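Work through these exercises with the model open beside you. Try each task before reading its solution.

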Amino acid sequence: MFWNFKDIGDSNIAIYDDAFKKSITYGELKHDSDDVLKRINGNGKKLVFLFCDNSYLSVLVYLSMLRGGYAVFLGNGKMDTYLKTKLLKVYKPDLIWSSEYIERVEGYEEFAASAEVTFLKQSQPDSTPIHPDLGLLLSTSGTTGSPKLVRLSYKNIQANAESIVKYLEIANDEKAITTLPLHYSYGLSLLHSHLQAGATLVCTNHSVITKPFWETFKEQSCTSIAGVPFTYQMLERLRFERMNLPSLRTLTQAGGRLDNERLRKFSEFAKNKGIRFYVMYGQTEASPRISYVPYKVLPEKIGSIGIPVPCGEMMICDEGKEITEPGIVGELVYRGANVMMGYAEGRSDLAEGDVMNNILKTGDIAYRDSDGYFFITGRKKRFLKIYGLRINLDDVEEALETHFATAVACCGTDDELFIAVEARNPQDLKDVIDYTVNLYNLHHSVVHAEFVERLPRTSSGKKNYLAIERRRSNGSI
């Protein structure tokens, strides 16, 4: 298990914390983790909520909880108070820790586990049982604060960590830098895979668009960059191809579809520089990697999500039957040891065992070509991937309707969240956009809203999303 640090030399560097300019060895990490666990071990399995950032302290608390056999939820340390309170009320965690200052929560008291780690501890522990295999809880919807969480077992996350190390060929001299938040499954997989390989994770809260990020990258001789489509858009604006980065060996991209033009551009750049560029596909429900395009064939397979990760299997299905003929579309289904145990929508669900049997219906429409490479053509579910984070449109609607007391309908693409608002006063439009941007930490450029006299509805009275999408596309809503 990567969180037990076995078979890794104590003197190897595990984490570099950019904020404190400090390297932490695997031996020091284990010692610090033991120190945290000494005071909280015992009294059965606990549910721990961690609101984290990209720092050594966040990594330490997270790994300590895994080593202690607890069930851990990871969230954004800067999560909006409304969303955070919503989650805490539903799940009633035994322990809460945050990288940011957290206001006192009713029913909780401070508990110091070490000189540096202080939790909020439930005054009267919840007796609801937690399944012994449950290790990690992650949101299904990015930053929307949905109470629907993915239940991952220790086996799930370990299996995917081993798989990633294998197909990316991660060696113990690799140094990955955090371009993505740890509470996001793609960002978290960097931690898992590099610890599995005995390599180093350089933790920074600086963005790729800032000078300090690149200073740290060069000072630490980082070897890889992981990014979602938005990351690569920013790298393009920064004229990434002109940067002098002699230590860079690997680029990886996931978290949504990168347009073919940029794929070709970065693929050509990587080939000319002798850099490996992997395009990957995954879902949080799969811990999260499902497929990858080997860097050597990427120029010939632009637009593909690739082949299954090691120890995984992908298939195209229609009404429960597998389609074996190339070029025929159907739902993409994945089978592997990294598939989640199931979902949770409240604390009582945490007692449930594995209901998935290693099978994940992805909700994506795809086909397989004659070489066995898969291509996604559409999506069945109501969510967008903006900046690589999955935004549940139903959650956005609920928050806006509650706040503005009027009907709204959301749709869009991975580049734009569109909000149709049924209201009488068009002067409030800016308030709707500002509220959405602030609540979900989005950029104004990806949120568009318009007023309608009446939302289109079906004969049963439900919102007619197809009609809304058609009218939006035609500019007539």
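**Exercise 1. Find the bridge partner of Cys 410 in β26.**

Solution. Go to Cys 410. Its bridge partner in β26 is Ile 419. β25 (408-413) and strand β26 (residues 416-422) pair in the antiparallel sense, over six bridges. Strands count as paired if DSSP finds at least two bridges between them. Strands themselves are DSSP runs of E with at least two residues, helices are runs of H or I with at least four, and both are numbered from the N terminus.

A word on the source: this is a predicted model, where local features need pLDDT of at least 70 and side-chain atom pairs count only at pLDDT 80 or more, while totals for chains, interfaces and linings use all residues. Residues are numbered from 1 along each chain as its sequence is written, and side-chain values use heavy atoms, with hydrogens and water left out.

**Exercise 2. Give the strand order of the open sheet of three strands, and name its edge strands.**

Solution. Read the order as β25-β26-β27, with mixed pairing. Next, look for strands that pair on one side only: these edge strands are β25 and β27 (447-452). Last, check the turn. Neighbouring strands are turned by 20 degrees against each other on average, direction ignored.

**Exercise 3. Describe how α9 and α10 pack against each other.**

Solution. Two packed helices are described by the angle between their axes and the distance between the axes. Helix α9 (residues 393-404) and helix α10 (residues 429-440) meet at about 125 degrees, with their axes 11 Å apart. α9 and α10 are therefore oblique to each other. The scale is this: under 35 degrees is roughly parallel, over 145 roughly antiparallel, 65 to 115 roughly perpendicular, and the rest oblique.

Now list the contact, meaning heavy atoms within 4.5 Å. From α9 come Asp 395, Val 396, Ala 399, Leu 400, His 403 and Phe 404. From α10 come Asp 431, Val 432, Tyr 435, Thr 436, Leu 439 and Tyr 440. By class, there are eight nonpolar, two polar and two charged residues. Ala, Val, Leu, Ile, Met, Phe, Trp, Tyr, Cys and Pro count as nonpolar, Asp, Glu, Lys and Arg as charged, and the others, Gly among them, as polar.

**Exercise 4. Give the angle between α4 and α5, and sort their contact by class.**

Solution. Helix α4 (residues 154-168) and helix α5 (residues 185-196) pack at about 70 degrees, with axes 8 Å apart. That makes α4 roughly perpendicular to α5. The contact residues include Ile 157 and Gln 158 of α4, and Ser 189 and His 192 of α5. The classes are four nonpolar, five polar and one charged.

**Exercise 5. Which residue in β7 stands opposite Tyr 108?**

Solution. Opposite Tyr 108 stands Gln 122. Strand β6 (residues 108-112) and β7 run antiparallel, joined by five bridges. β6 and β7 form a hairpin with five residues between them. Strand β5 (residues 95-98) also pairs with β7 (residues 118-122), in the antiparallel sense over two bridges. There, Ile 96 stands opposite Leu 120.

Technical notes. Axes are lines fitted to C-alpha atoms, for helices over the stretch in contact, and angles run from 0 to 180 degrees between N-to-C directions.
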